[in-house]
Amino acid sequence: MEYTFKVWVDGNYYYKDEKYEVEIELTDEEHETLKKIVKEYDGDLSRGLMPILEDSDDNLFQLFYDEIFPNVFFTLFQRDPCFEPNPGDEGKIWNISDVDYLMETYGDGYCFDDAYIVYIPDDIMPPKMQLTKGMSDDDLLKYIRRWDSTREDVFDWIISNHDISISWQDTLYEFIEKRLLEIAKKDIEECDEEFISRDDYEPFRQFFTDKLADEIYGEFQKTNG
């Protein structure tokens, strides 16, 4: 049976974000597996299906990748103002039928993994965790890891701007989670219950990712520098 998945492609300041739908053929077994994987996934759901599948099921990941990524690659490839064609490719006008050649020939020069999201369909998305006053630290950490992108955004910012070895990355996550837990607990304490219960409530709304990341990295450096 064909199932509809919504794809978002990052406009990256200079272009409008693109949103479109893709129909993907899944067997009943594959669809049930997909639902089970999403339900049991412990990480950030805001980044969509691809990171979940990459961590959980190679076959489903490859199926979605083959259906979705070529169009994402071609869309973003066309925006590259610094593209330098190989001899023989000068002056060519590319179209989507050339994408296999383009990916094979020029793909190593691009990394588009984080430039698109395949949204999790509503019918397989677990119910969002509700934040409340007095909730335990463990439950609040579950929210931070699964329902908010700030943890991963801060981690990505630090990793992209500082040379941190893989052996220290788990420790870095601990520093990030400790700081986010402090922020969330304070914000929940200061806000009234009605405001916290809103669907658009965001305990980290007052922070810019880069500023928060720099603050956390400074603390990380003091302890592990």
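Reader: What share of the contacts with a separation of 6 or more comes from residues 24 or more positions apart?
Author: In the protein chain, 64% of them. A contact means heavy atoms within 4.5 Å.

Reader: What am I looking at, and how is it numbered?
Author: This is a predicted model, where local features need pLDDT of at least 70, side-chain atom pairs count only at pLDDT 80 or more, and totals for chains, interfaces and linings use all residues. Residues are numbered from 1 along each chain as its sequence is written, and side-chain values use heavy atoms, with hydrogens and water left out.

Reader: How many helices and strands?
Author: The protein chain has 9 helices and 3 strands. These are DSSP runs, numbered from the N terminus: helices are H or I, at least four residues, and strands are E, at least two.

Reader: Which residues of H9 are buried?
Author: Leu212, Ala213, Ile216, Tyr217 and Phe220. They sit on the same side of H9, because they cover an arc of only 130° around the axis. The arc is taken from the directions from the helix axis to the C-beta atoms. Buried means under 20% relative accessible area, exposed over 50%, partly exposed in between (1.4 Å probe, protein chains only).

Reader: What do they pack against?
Author: Helix H6 (150-161) and helix H7 (169-190). Exposed Lys211 and Lys222 are on the face turned away from the buried side of H9.

Reader: Switching to cysteines. How many disulfides?
Author: 0, counting cysteine sulfur pairs within 2.5 Å.
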